[in-house]
Amino acid sequence: MDRPSDQPADRRGLLGRRKVLGYLIAAPTLAVGVSWMTNESDPRAADAAVPSLPQPADIFDLGDLQNLAAAPTSGLITVQLKSDGTAYFAVPRAEVGQGITTAFAMMVAEELDLPMDKVEIALADARPELLMNQLTGGSNSMRSMYLPVRTAAAIARQRLVETAATHWGVEVGKVTTRKGVLSGPSGRTATYGSLAKLAATAKTITVSAELKSPSEFSVLGKPRNRVDAHDIVTGRKQFAMDLDVPGAKPTMVARPPTINGTLKSINNLAALRALPGITDVVGITHGVAIRGETFGQCIDAIQKVDATWGPGTVDSESDATVLKKLRAAQLPMAAPALPLLTKTIDAEFVFAFASNSPLEPDCAIADVGPDSAEIWSCLKVPIVAQEDIAKQLGLPIDAVKVHVIQGGGSFGRHLFHDVAAEAAEISQKMGKPVKLSWSRTDNFRQGRTHPMCTSRVRVNYLAGNVLTYEQRHTSVETDFGHGLGEMITAFAADLPVGGNLSFAETIFALTQSSPYNFGVTTQLLNEIPLKFNTGSMRNIYSPNVVCAEELVVDQLAAKMGQDPVRFRRNFLKDQRLLAVLNKAAEVGNWGKAMPKGTAQGVGIHSEYRAAVATLVEIDCRPETVTRPVEGEGVTGPRVTKAVIVVDPGFCINPRGLEAQMFGGLQDAIALALTSSLHIKNGIPLEGSWDNYFYTRQWNSPVDVQVVIMPNTSESPSGAGELSVAPAFAAIACAYARATGTMPTYFPINHGKLSFEPLPLQPSTPQSPTDGLDHTF
């Protein structure tokens, strides 16, 4: 990883020390809350010959909406100091491997002047009082909570200083803090823990403190390992499947042969109940639930289920039928009147269904009694989960306790709580606690998917300038019934979009913005109401939209006789994007001589108030593409090098940001080259990691460089999803240059079914605890 500078850029608008307000909360030991939050973004100037007007996302993006929704309850975010000198913070967000627990620990340690090992971070249970301030998504956790968490920690430190000064009878300015110890005149010292009770207040009062200036940081902005790294590599990390809830036995579900199929009858119920180790068998909405002493016994029983199934929601649909409906629903181009000499580029791109596919199988523990329920699961919107499960069970909300457990990946999957809701349904019907695990097959076939979509692009250009850019994105309906929809409804009057837009159209408008001065620019979404189990996948619409746009940008460059990088430089609106593009071209040695069948490609993207450029090299030579890889039995183009240059505003943890960029690259390789779901007769054919070809070692580059630009803001931008879209686009552009053919269907291997699908009924699931490439 290369970081040009750890010092903040000298720019007008960057702040030094900032006074913040908050509360001392009545508690036995020191507890602090915050009262407000802000977010800054810089205006962007257009300087091309035919400038484009700002799009909604340039003015107010999805992250701004989430910040606005979180602000009213930010005062309920608290940092506590224990009598042993440890600071405790329960994060109202979900940790799914992105490293936010480490980032929050760094914030608390920085402003409290505490060693990192003295900061305890946990995940908060569902807290209904937080309203819309407990949703993890949209790369927003750092943007929305950076200032509130630092504020609470800074006020705690200030309170300790004031308490020590009063206790010693000295001026506040004579007391200093370092590594959890207060020091005063005449060699006096006191640990934070020794003053934690004395600093507490019997009533809630308003206080103020000063945040540190970035020039004073000793923790924030410095590379840090994850706080849970040791537990992860030693197998001590606790996930939902590791929890020991009394009486919660392994439970799995035999599922219908089509998406959302319903159960009509169990035809061999007595025989199933008599199988070794099986304790309970019940019918549920979408399957037959089986509880046993071991998961192995559950798997054996599932394969013996004889059931009669009702129809699902998309039984007649296959790839071809969905694509036909998408094309029929494409919105027309505006087709403005243009001079006769104007030239046009028209292109259409198709993106197949894709699985969220987190490594950890979907799982949840539920213990439902007559008057109460308790749930343990990885939940990114636990408040909505609590509300829905309470309604489902017929219980008051406060009778349902929801614990948020760290997840082994998500990529959008855990925005939905269907696994937890299903566990609750099973537990209620059985009258016993259950530890439910979906199989790998369940996850691929009945889990959430990124919907199939098309992106049509039309560009009119003349005399070296682009006059119009039109993009019409058409998608299978995306389910946003997980909290974002409520935010849109609540703050509709504050959004820079007009008309009666759907949730999906609003989110599209708040996330998509062309970075180029391409004259009159329009990017529109239309969705068709097919009831697949869809959801937001990492980076939502951007990977598909940006891939389509960047491929057309390369076509424009070729038509105008310009180098692709130089062409982008000429038309970019954003100076931050220009800076990351120039750096990527420099570090990646853009334009170097390469063998025939290999090529470089570049992609850029601005979202979440951040900027990123990716340069990749790809090998598409026939001898590479057709040569099986030992131990894999697969072939195809291989990405051999990647350079990712990112401007995240303020970088909290360079090591964590680097990991996020790596992860986005792996997703991009998968989406561009290998990973998709083939739909046939209402069900995906993929049923295991054996035939869902996520990025493997053979097509993952050994040579990857991540360059973090000098800080351009005091506040962090979003970064968790940032690198997927530009890396996807760069790979597609490199493939087009290497082969001489612009790809239009993604992933490029989708047309080849290179596996024998697992049977649909009886189901043949993989082990819920096995991440390896084999089936049972």
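How many positive and negative side chains does the chain have, and how far apart do the centres of the two sets lie? In this predicted model, the chain has 71 positive and 77 negative side chains, and 3 Å separates the centres of the two sets.

The overall form of the chain can be described by a few values. The C-alpha trace spans about 80 × 75 × 55 Å along its principal axes. The secondary structure consists of 20 helices and 31 strands. Of the 776 residues, 61% count as buried. Among contacts between residues at least 6 apart in sequence, 79% join residues that are at least 24 apart.

Helix 19 covers residues 654–674. At 1.5 Å a residue, its 21 residues should span 30 Å, and the distance of 30 Å between its end C-alpha atoms agrees with that expectation. Helix 19 is mostly covered, with 16 of its 21 residues buried. Helix 17 (residues 575–587) has 13 residues and reaches 18 Å from its first C-alpha to its last, close to the 18 Å expected at 1.5 Å a residue. The buried residues in helix 17 include R576, L577, L578 and V580, and L581, K583, A584 and A585 are also buried. An α-helix has 3.6 residues a turn, so residues three or four places apart point the same way. The cover over the buried residues of helix 17 includes helix 16 (564–571) and strand 25 (598–607). Strand 26 (610–619), strand 27 (638–647) and strand 30 (703–708) are also among the elements that cover them.

The loop between helix 19 and strand 28 (679–680) contains S675. This residue counts as buried because its relative accessibility is 2%, under the 20% cut-off. Leaving aside neighbours within four places in sequence, S675 is in contact with A670, Y692, F693, Y694, T695 and P747. The C-alpha atoms of S675 and I302 are separated by 28 Å, and the two residues are 373 residues apart along the chain. P747, one of the contacts of S675, is in the segment after strand 31 (745–746). The peptide bond from F746 to P747 is cis, with omega near -5°.

Positive phi values were found at two asparagines. Most residues other than glycine have a negative phi, and most peptide bonds are trans. Phi of N539 is near 80°, which is positive. N539 lies in the loop between strand 24 (520–528) and helix 15 (542–559), and it is buried, with a relative accessible area of 0%. Phi of N681 is near 50°, also a positive value. N681 is located in the loop between strand 28 and strand 29 (683–684). With a relative accessible area of 49%, N681 is partly exposed.

Y469 is placed in strand 23 (residues 465–476). Its relative accessible area is 0%, so Y469 is buried. Not counting residues up to four places away in sequence, Y469 touches V457, R458, V459, F518, V520, T521, T522, Q523 and E549. Y469 and E527 are 58 residues apart in sequence, and their C-alpha atoms are 21 Å apart in space.

F518, among the residues touched by Y469, is also in contact with V50. V50 occurs in the loop between strand 2 (31–34) and helix 1 (56–59). At a relative accessible area of 24%, V50 is partly exposed. Apart from neighbours within four places in sequence, V50 is in contact with N465, V466, L467, N517, F518 and G519. V50 and A732 are 682 residues apart in sequence, with a C-alpha to C-alpha distance of 27 Å.

The loop between strand 30 and helix 20 (724–739) holds S715. Its relative accessibility is 14%, so S715 counts as buried. S715 and A71 are 644 residues apart along the chain, and their C-alpha atoms are separated by 16 Å.

Definitions and conventions. Residues numbered from 1 in each chain as written. Predicted model: local features only at pLDDT ≥ 70, side-chain atom pairs only at ≥ 80, totals over all residues. Heavy atoms only, no water. Helix = DSSP H or I, 4+ residues; strand = E, 2+ residues; numbered from the N terminus. Buried < 20%, exposed > 50% of the residue type's maximum accessible area, 1.4 Å probe, protein only. Contact = heavy atoms within 4.5 Å. Lys, Arg positive; Asp, Glu negative; His and termini not counted. Charge placed at Lys NZ, Arg CZ, Asp CG, Glu CD. Expected span 1.5 Å × (residues − 1).
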